[in-house]
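Have the model open while you read.

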Amino acid sequence: MNKRIGFIGCGQMGQAMIQGMIDAGLVEASDIAATALSDETIDFVTDEYGINISNENKRVARESDLLFLAIKPYVYQGVVQEIKDEVSEGTVVITIAAGITLDAMKEAFGRNVKVIRSMPNTPSLVGAGMSVLCPNDFVTKEELAEVMEVYESFGEAEVVEEKLMDAVPAVSGSSPAFVYMLIEAMADMAVQQGLPREKAYKMVSQSVQGAAQMVKETGRHPGELKDAVCTPGGTTIAGVTKLEEAGFRNAIMQGMKACTDQSKALSKGN
Ligand SMILES: NC(=O)C1=CN([C@@H]2O[C@H](COP(=O)(O)OP(=O)(O)OC[C@H]3O[C@@H](n4cnc5c(N)ncnc54)[C@H](OP(=O)(O)O)[C@@H]3O)[C@@H](O)[C@H]2O)C=CC1
Ligand SMILES: O=C(O)[C@@H]1CCC=N1
């Protein structure tokens, strides 16, 4: 890709995206510029990824065609104040935080800037990301296609209307955390029953991945796939009954709702 890619902030999410695009062969490590606050992160990222990283936000903002703001939501305002005069008219600014709206970015910049609001997830690190994007009116089709190419280099990407963006963290940005909790709980019980922990993680995570692949590749309804696992009087329906007694699906739906409500609250607050 012949675009200059810059990251303001290079923590969990920035590093996942950077590793994902390098592994995919989209860019060379030396073509990416990034910033972080601490010497610790700067030294770590230099050693681990070989990209150009410094604490020079203004320079990276000035020298990037695609500028990713990979910082926590509560530092967006301060960082935009710092870099806003360095961002040229042709630069596309990409946000990755829950609750940072396109309007909030316009207000923070104080002018019309090309902005894409996005929500990636950490499986981007291993090329299995799911990202959702929403451009403002100043982003051209070609620019959106370029940014999609970046996101698709480390997984799948979808474009939605901005009114749906608050529903997205629950579905893809945060949901890996919920799945890690499921995997951890399943493995803990396997260990309690005597299976070695490493084998338990392998068996559980392969099964979770396989189930997800079944949903994606067969196109069959998840309920139908669940039914196909349940032998009458067998082990699965015994487990399903216990999980339903404990409010399994409702607990997940409430978790998703809390996540969405928090995104809405963050969107209102900026
Ligand atoms: N983690 C996730 O699963 C996901 C996160 N997101 C979003 O991504 C964003 C980043 O999250 P995450 O990567 O987890 O957070 P991290 O804390 O891991 O990374 C934040 C990075 O920003 C740097 N930073 C902080 N202040 C500044 C500043 N003033 N100038 C330049 N860099 C700065 C930090 O530097 P230093 O390391 O030196 O402190 C760090 O490298 C958030 O908005 C989050 O909502 C979105 C989807 C998923
Ligand atoms: O917890 C958060 O707010 C961020 C957004 C999605 C995942 N992490």
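1. Let's start with Gly-11, which sits in the loop between β1 (5–8) and α1 (12–23). Keep in mind that this is a predicted model. Gly-11 has 15 other C-beta atoms within 10 Å, and a residue needs 20 or more to be buried and 12 or fewer to be exposed, so Gly-11 counts as partly exposed.

2. Lys-72 is in another loop, the one between β4 (66–69) and α4 (76–83). With 11 other C-beta atoms within 10 Å, Lys-72 is exposed, because the cut-off for that class is 12 or fewer.

3. Now for ligand 1. Of the 27 residues around it, the ones that come nearest are Gly-9, Gly-11, Ser-38, Thr-41 and Ala-97. Helix α1 supplies the largest share of this shell, 3 residues. By class, the shell around ligand 1 splits into 15 nonpolar, 11 polar and 1 charged.

4. Which residues surround ligand 2? They are Ala-98, Pro-169, Gly-173 and Ser-174. That shell has 2 nonpolar and 2 polar residues, and no charged ones.

5. Helix α5 (residues 102–109) has Leu-102, Ala-104 and Met-105 as its buried residues. Looking down the axis of α5, you'll find they fall within an arc of 160°, so they line one face of the helix. As a reminder, an α-helix has 3.6 residues a turn, so residues three or four places apart point the same way. The cover over the buried residues of α5 includes β5 (92–95) and β6 (114–119). Just after α5 comes Gly-110, with a positive phi of about 70°.

6. Helix α9 (residues 197–218) is worth a quick check of its length. Its 22 residues, at 1.5 Å a residue, should span 32 Å, and the end C-alpha atoms are 31 Å apart, which agrees. α9 is hardly covered, as 2 of its 22 residues are buried.

Definitions and conventions: Residues are numbered from 1 along each chain as its sequence is written. Chains are lettered from A and ligands numbered from 1 in the order in which they are written. This is a predicted model: local features need pLDDT of at least 70, side-chain atom pairs count only at pLDDT 80 or more; totals for chains, interfaces and linings use all residues. Helices (H or I, at least four residues) and strands (E, at least two) are DSSP runs, numbered from the N terminus. A residue is near a molecule or strand if its C-beta atom, placed from the backbone, lies within 6 Å of it. Ala, Val, Leu, Ile, Met, Phe, Trp, Tyr, Cys and Pro count as nonpolar, Asp, Glu, Lys and Arg as charged, and the others, Gly among them, as polar. The expected span of a helix is 1.5 Å times one less than its number of residues. The arc is that of the directions from the helix axis to the C-beta atoms. Two residues are in contact if their C-beta atoms, placed from the backbone, lie within 7 Å.
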